[in-house]
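Please look over the sequence and the model, then read the points below.

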Amino acid sequence: MEVVPTEPKTQIDEISHNLSFSTSNAGDSSWDKISFFRHRSRQIKRDTWLVSVFVLLQIVLFAVTMGVNDCSRNSHGHCAAKLLGRFSFQPISENPMLGPSASTLEHMGGISWNTLTKNHEIWRILTSPWLHSGLFHLFINLGSLIFVGIYMEQQFGPLRIAVIYFLSGIVGSLFAVLFVRNIPSISSGAAFFGLIGAMLSALAKNWNLYNSKISALVIIFSISTVNFLIGFLPYIDNFANIGGFISGFLLGLVLLFTPQLRHFPPPHKGKLFEDDMKRSTRLKEQFDRPVLRIICLVLFCGILAGFLLAACWGINLNRHCNWCRYVDCVPTRKWSCSDMTTSCEAMVSDAQLTLTCMANGKFRIFPYTNISQARTQDLCTLVCS
């Protein structure tokens, strides 16, 4: 029986055996690059437990927030979706995102000027990134997080994505503090925008390895635009989104320097492959140099320290920027972006509460009287707006 000798495998053969490759035409002399947003069948098989935990945790926290809000009792039934009972939403004029009241958001850990400067409750910087202003905000934010977060976790693993997510949320909250007013705001979008920034840095670092780059940029831009536009609604902080994006981009350049390559050419096209990979490798090495990562790390640490000191000193940039408030909230006839520093005169008669705004003389009669002081302040803000 004749024994056929086997040739020793070359390095190119071993690589092509372990890594997948697809071509649209067998006779084509060029090889396909990696698609940035790949089909599920071509994605790296990794458990996405981290994103699942984040999504589940934020859903539970939103349910707890609505339970604490208890619109049916605290607002005496003047709610949206009354069939939900305790979990019904505040009226659209008060919260257009179908969510809790301003006082509930502040009670659950939202950031505001008084709580940070007068009460020195710095812990709100850690709680604010996990809250949502309403049901619409929850669906949009978590839907975007699932799309982006699963991809990033599959490509770079849960540890680095967790670091980017947490730190971007903190930096975004600190940046929001510099522009915060005396109205509760939440910064859940900061952590998500951190992943968007990290995704852009990963795309830039491996630009020559991907195809359909313009399509990937369009998808990223579209998702970012939708999430930024809802930041113009009350209680959602757009400055946190900006700070989270900057943080994520810098952290991406520091941490995401080992992308998972899954497409290689067949062995008989080794020369063409080697030439293309040399160009890709040179480009990748320019971004993977330790000097660049060190510079980005120093910049991130400097931004984090600067924002933290500014928050501790109570710096308010709104005093020097009159138009900055419109970046965070755009008032319309449907809702108000006014601060909760307004004051009202309250009169109780015949089981009715009459609130008169001291600033403009407007008044409104409510068919109930037994409400908390925090809820009275919510209604006063509506009357004065």
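A salt bridge is counted where a side-chain nitrogen of Lys or Arg lies within 4 Å of a carboxyl oxygen of Asp or Glu. By that rule, a search of the whole structure finds four salt bridges. The model is predicted.

**Salt bridges around D70**

- D70, R73 and R86 are linked in a network of salt bridges.
- In the salt bridge between D70 and R73, the closest N and O atoms are 3.2 Å apart.
- D70 also forms a salt bridge with R86, and here the closest N and O atoms are 3.3 Å apart.
- Is D70 buried or exposed? D70 has a relative accessible area of 5%, so it counts as buried.
- R73 has a relative accessible area of 56% and is therefore exposed.
- R86 is partly exposed because its relative accessible area is 44%.

**The salt bridge of R124 and E121**

- R124 forms a salt bridge with E121, and the closest N and O atoms are 2.6 Å apart.
- R124 is buried, with a relative accessible area of 6%.
- E121 has 18% relative accessibility and so counts as buried, since the cut-off for buried is under 20%.

- Strands of a sheet pair through backbone hydrogen bonds, and the pairing can be parallel or antiparallel.
- Which order do the three strands of the open sheet take? The order is 3-4-5, and the pairing is antiparallel.
- Strand 3 and strand 5 (363-366) are the edge strands, each of which pairs on one side only.
- From one strand to the next, the twist averages 20°.
- Helix 15 (residues 373-384) packs on the sheet and touches strand 3, strand 4 and strand 5. The direction of helix 15 makes about 55° with that of strand 4.

**Pairing within the sheet**

- Six bridges join strand 3 (residues 344-349) to strand 4 (residues 352-357) in the antiparallel sense.
- M347 stands opposite T354 in strand 4.
- The hairpin of strand 3 and strand 4 has two residues between the strands, and D350 in this hairpin takes a positive phi near 55°.
- Strand 4 and strand 5 run antiparallel and are joined by four bridges.
- R364 in strand 5 is the bridge partner of L355.

**A nonpolar surface patch**

- Which residues make the nonpolar surface patch of about 320 Å²? The patch is made by L56, V60, V64 and V68.
- V60 lies in helix 2, which covers residues 49-69.
- V60 counts as partly exposed because its relative accessibility is 43%.

Conventions
Residues numbered from 1 in each chain as written. Predicted model: local features only at pLDDT ≥ 70, side-chain atom pairs only at ≥ 80, totals over all residues. Heavy atoms only, no water. Patch = residues over 30% accessible without salt bridge, like charges linked within 9 Å, V, L, I, M, F, W, Y side chains within 5 Å. Areas by Shrake-Rupley, 256 points an atom, 1.4 Å probe, with all protein chains shown as cover. Buried < 20%, exposed > 50% of the residue type's maximum accessible area, 1.4 Å probe, protein only. Pairing = 2+ DSSP bridges. Axes fitted to C-alpha atoms, helices over the stretch in contact; angles between N-to-C directions. Contact = heavy atoms within 4.5 Å.
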